[in-house]
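Here are my notes for your first reading of this structure. Please go through the points in order with the model open beside you.

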Amino acid sequence: MKIVYCGDVVGRAGRDAVLHNLPLMREKYKADVIIVNVENAAHGFGVTPGIAREFLERGADLLTTGNHVWQQRDIIPFLDENKRIIRPLNYPDSAPGRGFAEFELLNGKKILIDCGLQQGKDEHDGNTLDFAPNYIDYVLITHAHIDHSGRLPLLVKEGFNGRILTTGLTAQLLSVMLRDSAHIQEGDANWHNQKGKRAGLPPVEPLYTLMDAEEAIQMLETVEYGWLFDLCEGVKVRFTDAGHLLGSSCVEIWATENGVTKKIVFSGDLGNEAQPIIRDPSFVDEADYVVMESTYGDRNHEPPESYAGALADLIDEVFAKGGNIVIPSFAVGRTQELLYYLREIKRDGLVQSLPSFKVYVDSPLASEATKIYSGNLKGYLDDDAIAVIQGGENLFTFPGLTLTQSTEESRALNDDKTPKIIISASGMCDAGRIRHHLKHNLW
Ligand SMILES: [Zn+2]
């Protein structure tokens, strides 16, 4: 099945162009489903029912609206009535980086797909829940990344008492990631309060605490890929491998209402083919509606190649000059991929200037995640990784690797002058220990 997503339609010119091209698109792209984002298709902002009807008449199957939906309230009843819309749950401000979608069934049950947290700024900003937590009956989590899961503890804190389902490995990863996120929330609140006290400001509460995270973790129920199960009356669900992160899923939902069954697929974040460690994304054969992520929707990725050789050359060059290599990395997923390649590099003796080089993973979260990655991954690993394990090797450990824990250990790395590799978080260098490593190694 092929779905074509036509991104933001803006203003009159954009609208005319898309309307003109819509009938040709189905033929040209061999599309089964065409989705058009109409949020700005009128002058300036918004879209009117008349314009929406035009899009549907010219061949769009599904319309989406995004950030500006609050300026177009009159369109919602029209689109809902026509069952042709996907919209973010908590408008008015559907900020990016907080993936989730929600839909309501005729039987009154409400299912939430993902419950993400926006990171990197004041966590109280844009991260409150704009709906009563008990409005939701079920939460299905596609994968452990915080932008898809990080507000689960908030949901629980505010009184959610439905069910939360995800894959077994996602649940394991969430058990370290949600605790880590709570730790950050508590730390941030502390910092604010110390600063605020001096200025005579009232104390702020963390968005959620470790206790809330623990409670959310306790509520996780696990399913495995391929299980087809009844979520509630009239609703069947299946998680399939999205190939994005260990345990990541697409969620297939079959909803039967008034004797008619429709299938809705939520893609979650989708992985590329031929990545190390994880399996390729599995294909979804059919759907009536697909709600999908589109982070790299404007790019064709080449199949990824092993970068072990290029990485080894770079390490060799830097070590020959006596330097350190500092790698900012996401704690879960990217760090383990790096370790996977570094193990190969060591095994094959690809770094000649310093074959016994040391590697430090300096991020408590990355260390915890690496332990989970080294556990029982039956049903999650790709064939190459299984072959490594069957050959008696551990995927992510090798001589010279240290997972540091305390801040003292972390700081001690700055005093050790031997060339080494330091892998640290955060991946975007905006928080975490990576910042002091960059400071010590660049200045
Ligand atoms: Zn993700």
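In which sense do β13 and strand β14 pair, and over how many bridges? The model is predicted, and the answer comes in point 3.

1. Confidence. The mean pLDDT of the protein chain is 83. Of its residues, 86% reach 70 or more. Residues 67-72 have a pLDDT below 50. Beyond near neighbours in sequence, that stretch has 16 contacts in the model. The pLDDT is also below 50 over residues 88-100. There the model has 31 contacts beyond near neighbours in sequence.

2. Now look at the open sheet of 5 strands. Its order is β10-β11-β12-β13-β14, and the pairing is mixed. β10 (228-232) and β14 are the edge strands. Each has a single partner strand, so one side of each has no neighbour in the sheet. From one strand to the next, the twist averages 25 degrees.

3. A parallel pair. Back to the opening question. β13 and strand β14 (residues 289-291) pair in the parallel sense, over 3 bridges. Find Phe 266 and look for its bridge partner in β14: this is Val 291.

4. An antiparallel pair. Strand β12 (residues 249-257) and strand β13 (residues 260-266) run antiparallel. They are joined by 7 bridges. Glu 257 has Val 260 in β13 as its bridge partner. Trp 254 stands opposite Lys 263 in β13. Then look at the turn. The hairpin of β12 and β13 has 2 residues between the strands. In this hairpin, Asn 258 takes a positive phi near 50 degrees.

5. Helices α6 and α7. Move on to helix packing. Two packed helices are described by the angle between their axes and the distance between the axes. α6 and helix α7 (residues 210-219) pack at about 160 degrees, with axes 8 Å apart. Angles over 145 degrees count as roughly antiparallel, and α6 and α7 are therefore roughly antiparallel to each other. α6 passes α7 in a right-handed crossing. The contact includes Leu 174, Leu 178 and Glu 186 of α6, and Leu 210, Ala 213 and Ile 217 of α7. By class, the contact of α6 with α7 has 7 nonpolar, 3 polar and 3 charged residues.

6. Helices α6 and α10. Helix α6 (residues 168-198) also packs with helix α10 (residues 364-373). The angle is about 170 degrees, and the axes are 9 Å apart. α6 and α10 are therefore roughly antiparallel too. In α6, the residues that meet α10 are Gln 172, Leu 173, Val 176, Met 177 and Asp 180. Facing them in α10 are Leu 365, Glu 368, Ala 369 and Ile 372. By class, the contact of α6 with α10 has 6 nonpolar, 1 polar and 2 charged residues.

7. Helices α9 and α10. What is the angle between α9 and α10? Helix α9 (residues 334-347) and α10 pack at about 65 degrees, with their axes 9 Å apart. Their crossing is right-handed. Thr 335, Gln 336 and Leu 339 of α9 make the contact with Ala 366, Ala 369, Thr 370 and Tyr 373 of α10. This contact has 4 nonpolar, 3 polar and no charged residues.

Conventions:
Residues numbered from 1 in each chain as written. Predicted model: local features only at pLDDT ≥ 70, side-chain atom pairs only at ≥ 80, totals over all residues. Pairing = 2+ DSSP bridges. Helix = DSSP H or I, 4+ residues; strand = E, 2+ residues; numbered from the N terminus. Axes fitted to C-alpha atoms, helices over the stretch in contact; angles between N-to-C directions. Parallel < 35°, antiparallel > 145°, perpendicular 65-115°, else oblique. Contact = placed C-beta atoms within 7 Å. Nonpolar A, V, L, I, M, F, W, Y, C, P; charged D, E, K, R; others polar. Left-handed = near helix turned anticlockwise from the far one by under 90°. pLDDT = per-residue confidence, 0-100.
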